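Work through the exercises below with the sequence and the structure at hand. Each task is followed by a solution in steps.

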Amino acid sequence: MKSYLVILITGLSLPLTQLAELRGEVIPPINERFSQETEETPDFQRHLLPMFSKIGCNGRSCHGSFQGRGGFQLSLFGYDFKMDHDGLSERIDTDDPLESYALHKATNVEEHEGGERIKTGSWEYQVFLNWIEAGAKPVEKPFKLERLEVTPNEIVFQSAQDSQSLNVVAVWENGTREDVTPLCRFQSNDTSIAEVSENGEVTAQTAGDSHIVVFYDNGITAVPVIQPVSDRTGKNYPQVATPTRVDELVVEKLRKLGIVPSETSRDEDFLRRVTLDITGTLPTPQQVQDFLADKSTEKRSRKIDELLETPAYAAWWATRFNDITGNNINQLNNVSYNNNKVSEEWYEWVRHRFEQNMPYDKIVEGIVMAESQKSDETYEEYCKRMTEIFNDKSCESFADQDSLPYFWARRNFQKPEDRSIGFAYTFLGIRIQCAQCHKHPFDQWTQEDFVQFQPIFSRTRYSPNGTDRDEYQAMLDKIDVDGNLRGNDLRRELARKLGKGEVVPFPALVDQAPRVNRNNKNSKNSNNIGQTARVLGGEPFDLNDYQNPREPLMKWLRGDAQELFAKSFVNRVWANYFHRGIVEPTDDLSLANPPANEALLNHLAQGFIDHKFDIKWLHREICNSNTYQLSWQPNETNIQDDRNFSRAVPRRIHAEVAMDVIAQATSGSEENAVYLSDLKDRAIAIPGTAQGRGGNNYALTIFGKSSRENNCDCDRSSEPTLLQTLYLNNDSELLSEIDSRKGWLAELAKEWQAPFDAKTEQVDAKPKNYDEVVERFETYLEKLKKQKDFEKIKTVKAKMKSYKARYGQAEENTEVVDAKVDSNIDYTSAINTAYLRTLSRYPTQVELQRSLSAVESADNPVDGMRDIMWALLNTKEFIINH
């Protein structure tokens with residue numbers, strides 16, 4: 001205030017920028033200040049580089065490309081201030097600014113491949129010229145942008161072609177506020193919803209919602225844009241039940257859009273959906289019947305709690321977490337002496353923690369801070385412990401260990417840059433690979449951020465020689481291993497000895513000690529060479545201050561990155577229950593890819609943190625909401641909605657779940673009843689990727705099980721394909737499931753005393769002497785019949801039947817083939833059960849009558865039921881979760 005009075009008294013005149021700063025006002029936009037000649041000197045960082053970005057000079061197709069253009073290169077999006085200034089300095093003339101080559105090129109006075117980018121006499125021209133005339137000063141100390149304030153912060157249009165201009169104010173760390181609208185770049189995330197001009201004027205197109213993204217300096221801000229899809233907004237919006245905070249936040253946005261949510265789903269639809277989502281399993285016929293008969297108003301909440309306590313829940317969610325942490329057998333070479341066992345141990349370590357409902361941050365801590373060797377044991381003691389675990393001779397399993405070191409042992413996770421990218425993807429749900437080469441185009445991360453993040457990962461490695469090379473060699477000598485063996489030959493020999501129970505040296509995770517300055521051994525500060533590192537968005541620190549270099553990572557996840565850490569997991573869990581994440585794609589939580597409902601994501605993330613990362617709390621918070629329990633059947637307002645959760649969107653079930661529910665639907669009654677608790681042979685509990693051919697690998701591959709090869713949630717696919725249809729139509733695996741001698745159809749055949757052509761589950765290659773062996777069996781049986789040794793006959797017949805079945809030559813059940821089928825059997829019960837087993841509902845009256853006709857008209861009622869089961873397994877309703 002005192003300075004302002006001095007100006008008034010003395011009559012001094014100051015530039016608009018200084019006057020605005022003194023008054024605490026917003027500095028007027030640069031196009032107004034430079035619309036005519038002025039003495040103001042523009043700033044290289046705040047004005048010149050954003051202007052170059054605006055007119056496209058440092059874009060990918062111009063001087064910002066890796067090769068540059070015309071021998072002149074600028075940093076992509078203008079974030080290497082020194083490089084850009086050095087390049088421009090060669091093309092400007094501070095003694096005669098008007099003759100500057102760069103100015104001539106921009107105005108096309110000198111022929112320019114990019115054409116005229118700046119008009120002579122324009123405000124852009126004046127900014128460039130004034131900067132040169134003032135000495136073309138570089139950036140001595142970069143300004144830190146605190147935030148961008150965009151007005152309005154949300155746009156709600158009423159009809160197409162309505163328009164609204166955006167105004168952008170940059171707020172710098174020192175409190176300076178400047179209107180930077182003319183220097184901003186604008187982008188529409190969906191031009192079919194809204195378009196935006198280069199000056200920030202937004203024009204409505206079709207009804208719906210999207211975002212306009214504003215770019216300036218290192219700031220990125222997204223502005224929601226909404227155009228209602230109906231007239232049911234404001235006072236016209238109907239009363240909608242919002243029993244939970246999740247529902248309130250979802251409906252709050254739907255009200256602006258004029259979208260009315262669907263009705264609540266039927267009990268049978270809810271039960272099928274929630275059982276598949278939480279446990280990857282179908283409800284049994286009895287569970288459907290019991291749930292429908294239960295008239296309690298709290299039965300849905302109780303069912304959610306019940307499912308969260310099943311072994312299938314822990315198995316399925318461990319599989320999903322193994323996807324993002326990268327449990328891939330092919331990447332685990334040289335980690336132990338059996339890649340399959342390593343993958344199993346990894347999976348069981350995670351499953352055990354989901355079963356215990358260990359807090360999410362504690363699970364992650366066991367991975368991030370993992371150690372192979374305990375602090376109180378020698379390397380030899382560690383190897384003895386691992387030998388016992390490997391041979392299942394220890395009271396302790398691998399899952400009981402505090403650490404999961406295998407995460408750091410993957411072959412595709414060894415270089416610091418790969419670890420930087422993979423760590424950010426796994427635990428933060430962000431993609432920083434672009435920053436490896438340049439400023440991230442859609443996020444705040446710069447190349448400098450990426451470079452300074454890498455050192456944190458540089459001191460950790462998985463050593464084949466363990467933590468102590470001398471002890472390693474001593475152990476080799478002790479077990480008498482040929483000293484000339486190397487590589488795979490040595491590994492095979494050690495694996496052989498390990499199989500015999502001998503203690504062998506195991507690979508181990510090692511953190512290299514801080515580097516020592518050997519040229520200054522008497523240095524006061526313990527001789528460590530400083531190694532500067534920085535977590536993303538953090539302040540630089542000396543990595544050598546930490547004995548475990550991964551300690552800053554875990555502190556960061558629980559500190560400054562906690563919100564993002566929570567959001568990434570919350571978003572992925574939400575995506576499992578709906579057709580998409582609140583942020584989609586789920587692994588791209590970038591500033592330019594804002595959430596469809598920011599308040600909803602914030603609520604869930606903060607609640608997750610407040611509940612101390614309780615994973616089951618998160619499941620309950622989502623599943624108990626009316627939003628999750630909505631019907632898939634749309635109304636006229638939400639039929640096109642696929643991002644605001646106004647209805648359940650039908651989606652194909654995941655690969656592992658598809659394999660399991662086919663097996664479950666066709667299994668015998670006893671097996672079907674225990675699918676939630678018995679994990680034997682369950683696809684949802686396969687440790688590794690299990691892709692390719694062989695066993696159920698082919699089916700898992702074509703149905704899109706995660707390959708776990710890249711840092712991308714897209715490694716898992718739920719897209720329908722022709723191969724999936726062919727598999728359900730006529731693949732031998734599926735047909736053998738229907739006709740299994742241990743399956744439900746076999747049970748019906750026995751109950752009805754009807755013919756049944758059973759298939760064997762395990763078929764070996766038929767030996768050359770097969771016919772000869774069968775003939776010997778038959779000759780022996782004839783001999784026994786003459787001797788009337790009925791007990792022996794029974795034993796030999798069983799052996800011959802087993803032999804034939806082993807090679808796919810099972811005998812027909814001759815005792816049943818000729819049996820007369822009781823024509824008075826009521827097949828309604830079996831048809832109801834078929835529907836309950838597959839679709840988790842009773843058939844409609846039309847479906848029941850059609851099915852009865854099919855069974856009664858068949859030569860054999862089991863054949864009729866086989867056709868019905870095949871048809872049900874091939875319905876969209878079966879393979880889709882709705």
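**Exercise 1. A helix pair**

Describe how helix α29 (residues 744-752) and helix α35 (residues 861-873) are arranged, using the distance and angle between their axes.

Solution. The model is a predicted one.
Step 1: the axes of α29 and α35 come within 10 Å and cross at roughly 155°.
Step 2: an angle over 145 degrees counts as roughly antiparallel, so α29 is roughly antiparallel to α35.
Step 3: the crossing of α29 with α35 is right-handed.
Step 4: on the α29 side, the contact involves Trp744, Leu745, Leu748, Ala749 and Trp752. On the α35 side, Pro861, Val862, Met865, Arg866 and Met869 take part.
Step 5: sorted by type, the residues of this contact between α29 and α35 give 9 nonpolar, no polar and 1 charged.

**Exercise 2. A residue of α29**

Which residues does Glu747 touch, leaving aside those up to four places away in sequence?

Solution. Step 1: locate Glu747, which is part of helix α29.
Step 1: the relative accessible area of Glu747 is 33%, so Glu747 is partly exposed.
Step 2: with residues up to four places away in sequence left out, Glu747 touches Gly668 and Ser669.
Step 3: compare sequence and space for one of these contacts. Glu747 and Ser669 are 78 residues apart in sequence, while their C-alpha atoms are 8.2 Å apart.

**Exercise 3. Cysteines**

How many disulfides does the structure hold, and which cysteines form a disulfide?

Solution. Step 1: the structure holds 1 disulfide.
Step 1: the disulfide is formed by Cys712 and Cys714, with sulfur atoms 2.0 Å apart.
Step 2: the torsion about the S-S bond of Cys712 and Cys714 is about 130°, so this disulfide is right-handed.
Step 3: Cys712 is buried at 15% relative accessible area, whereas Cys714 is exposed at 53%.
Step 4: turn to Cys383. The closest cysteine sulfur to that of Cys383 belongs to Cys395 and is 20 Å away, too far for a bond. Cys383 is buried, with a relative accessible area of 0%.

**Exercise 4. A covered helix**

How many residues of helix α7 (residues 123-133) are buried, and what do they pack against?

Solution. Step 1: of the 11 residues of α7, 10 are buried, and the helix is mostly covered.
Step 1: among the buried residues of α7 are Trp123, Tyr125, Phe128 and Trp131, as well as Glu124 and Gln126.
Step 2: the buried residues of α7 pack against α3 (30-33), α4 (44-55), α5 (81-89) and α6 (101-106).
Step 3: just after α7, Gly135 has a positive phi of about 105°.

Conventions: Residues numbered from 1 in each chain as written. Predicted model: local features only at pLDDT ≥ 70, side-chain atom pairs only at ≥ 80, totals over all residues. Heavy atoms only, no water. Disulfide = S-S within 2.5 Å. Buried < 20%, exposed > 50% of the residue type's maximum accessible area, 1.4 Å probe, protein only. Axes fitted to C-alpha atoms, helices over the stretch in contact; angles between N-to-C directions. Helix = DSSP H or I, 4+ residues; strand = E, 2+ residues; numbered from the N terminus. Parallel < 35°, antiparallel > 145°, perpendicular 65-115°, else oblique. Left-handed = near helix turned anticlockwise from the far one by under 90°. Contact = heavy atoms within 4.5 Å. Nonpolar A, V, L, I, M, F, W, Y, C, P; charged D, E, K, R; others polar.
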